[in-house]
Amino acid sequence: MQSPAIEAARIAVNRYRFVLLLAALYEGLLGLAFLFFSGPIFRVLGVEFAANPVYVQLAAGLIAIMGLGFYFAWRDPLINGDIVRLGAVFKAFYVLLAMYAQIRGELPHGLFLLFAGIDVAFFLVFLLFLRDTSASRAALAELAAGRTAP
């Protein structure tokens, strides 16, 4: 028998599935674009990049991998809620890093502020998701541990 909290959450979580899919596509495509085309992208933006390209490729690969994580979260948001938690940390890190670089005058292009603005929106929705599903995710954890759900 399934917990009423879990069943109610499965219904409620549907409002977040679109955002999780959007995050998966956004992160996946953005990460892959910078992984394979960072040179041309930086040239179009007029950004001179002197560092070893492997640093951009590493960051881009991690962004694409996070997109895969959001895909998993989209497939089953309750089971993969911790990926959303990690995604919120990921988004907060980027926003803070972009703001710090802007304050120091080191942000290479304004486009990166746009990325930060998009990440603020994702961050806020992820926090709402975590708030709205916390009881049901706890009930699932109890069931998985073999204990009775509250």
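Hi everyone, let's start with the largest pocket: α2, α3, α4 and α5 each supply at least two residues of its lining. This is a predicted model, in which local features need pLDDT of at least 70, side-chain atom pairs count only at pLDDT 80 or more, and totals for chains, interfaces and linings use all residues. Residues are numbered from 1 along each chain as its sequence is written, and side-chain values use heavy atoms, with hydrogens and water left out.

Helices are DSSP runs of H or I with at least four residues, strands are runs of E with at least two, and both are numbered from the N terminus.

The biggest contributor is α4, with eight residues.

Now step back to the whole chain. There are five helices and zero strands, and the C-alpha trace spans about 60 × 30 × 25 Å along its principal axes. Of the 150 residues, 35% count as buried, meaning under 20% relative accessible area with a 1.4 Å probe, protein chains only.

Next, the core. A nonpolar core is a set of buried Ala, Val, Leu, Ile, Met, Phe, Trp, Tyr and Cys residues joined through side-chain atoms within 4.5 Å. The largest one here has 30 residues, and F34, V84, F112 and F126 have the most contacts inside it. Which helix gives the most to this core? That is α2, with ten residues. Look at F126 on your screen: leaving aside residues up to four places away in sequence, F126 touches V19, L20, A23, F70, V84, G87, A88 and K91, where contact means heavy atoms within 4.5 Å.

Last stop, α5. This helix bends by about 55° at T133, the angle between axes fitted to the seven residues ending there and the seven starting there. Just after α5, G146 takes a positive phi of about 85°.

Technical notes: Buried means under 20% relative accessible area, exposed over 50%, partly exposed in between (1.4 Å probe, protein chains only).
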